[in-house]
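Have a look at the sequence and the fold below, and keep both in view while you read. We'll go through strands, a pocket and salt bridges in turn.

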Amino acid sequence: MKTNQKGFTLAELLAVIVIMCVLALIGIPTVTKYISNSKKSAYITTVKSYVSAVEKAYNSDMLDCSGDVGKFYVDFSDAKKLMENGKSPYGGEIKGNIRINVANNGEPTFSVFSRDDKNTGTSLINANQLNPNQKDIIKKDIPDDYTINEGYVKCVPKS
């Protein structure tokens, strides 16, 4: 008598399930890390474009910086007028400011403080340190009560 067996045995099914679980255990953390690193790089690139827009506007005399203190800042809401997009990859708008310190020789240095709606961002750092490959400058829980140091004068784009 001929028996016709179709289908898989329980051992074969369990072997496939075990293999799929192992692949998931390896794959999910790798993909999660890749997504996290991509968001950090995108955030840094966006903040760098803010700084570049302000730097270009400052050097082209497109900013109205009244005062002779040598310490200025541009709020991100004003810097956004100088560029295309200011969205955070973590969600919401990027807020903060770009500080301009002018040395006695007239050379400006730019530093930046940023955060988004989810309190992800950078503490005050020199703009030259913004490197998309340096992911450790992005921090969680940046306080939303950032203040401009006393003595800084606000700059706005000229109309």
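Which residue in strand 4 is the bridge partner of I100? The partner is F110.

## Before we start

This is a predicted model, so local features need pLDDT of at least 70 and side-chain atom pairs count only at pLDDT 80 or more, while totals for chains, interfaces and linings use all residues. Residues are numbered from 1 along each chain as its sequence is written, and side-chain values use heavy atoms, with hydrogens and water left out.

## The strands

Helices (H or I, at least four residues) and strands (E, at least two) are DSSP runs, numbered from the N terminus. Two strands pair if DSSP finds at least two bridges between them.

Strand 3 (residues 95–102) runs antiparallel to strand 2 (residues 71–75), with 5 bridges joining them. One detail to find: K71 has N101 as its bridge partner in strand 3. Strand 3 is also joined to strand 4 by 8 bridges, and these two run antiparallel as well. Their hairpin has 5 residues between the strands, and there G106 takes a positive phi near 90°.

## The largest pocket

A pocket here is worked out on a 1 Å grid over the protein atoms alone: it is an open set of points where a 1.4 Å probe fits, with protein on both sides within 12 Å along at least five of seven lines, and lining residues have an atom within 4 Å of a point. The largest pocket has a volume of about 160 Å³, counted as the space filled by probe spheres set on the points, which are joined across faces, edges and corners.

Helix 1 (10–59) and strand 4 (108–115) each supply at least two lining residues, and helix 1 gives the largest share, 4 residues.

## Two salt bridges

A salt bridge means a side-chain nitrogen of Lys or Arg within 4 Å of a carboxyl oxygen of Asp or Glu. By that rule the count is 2.

In one, D61 and K158 bring their closest N and O atoms to 3.4 Å apart. D61 sits in the loop between helix 1 and strand 1 (63–64) and K158 in the segment after strand 7 (156–157), so the pair ties together parts 97 residues apart in sequence.

The other joins D78 and K154 (3.5 Å, N to O). D78 is in helix 2 (residues 76–79) and K154 in strand 6 (residues 153–154), 76 residues apart. Buried means under 20% relative accessible area, exposed over 50%, and partly exposed in between (1.4 Å probe, protein chains only). D78 is buried at 8%, whereas K154 is partly exposed at 39%.
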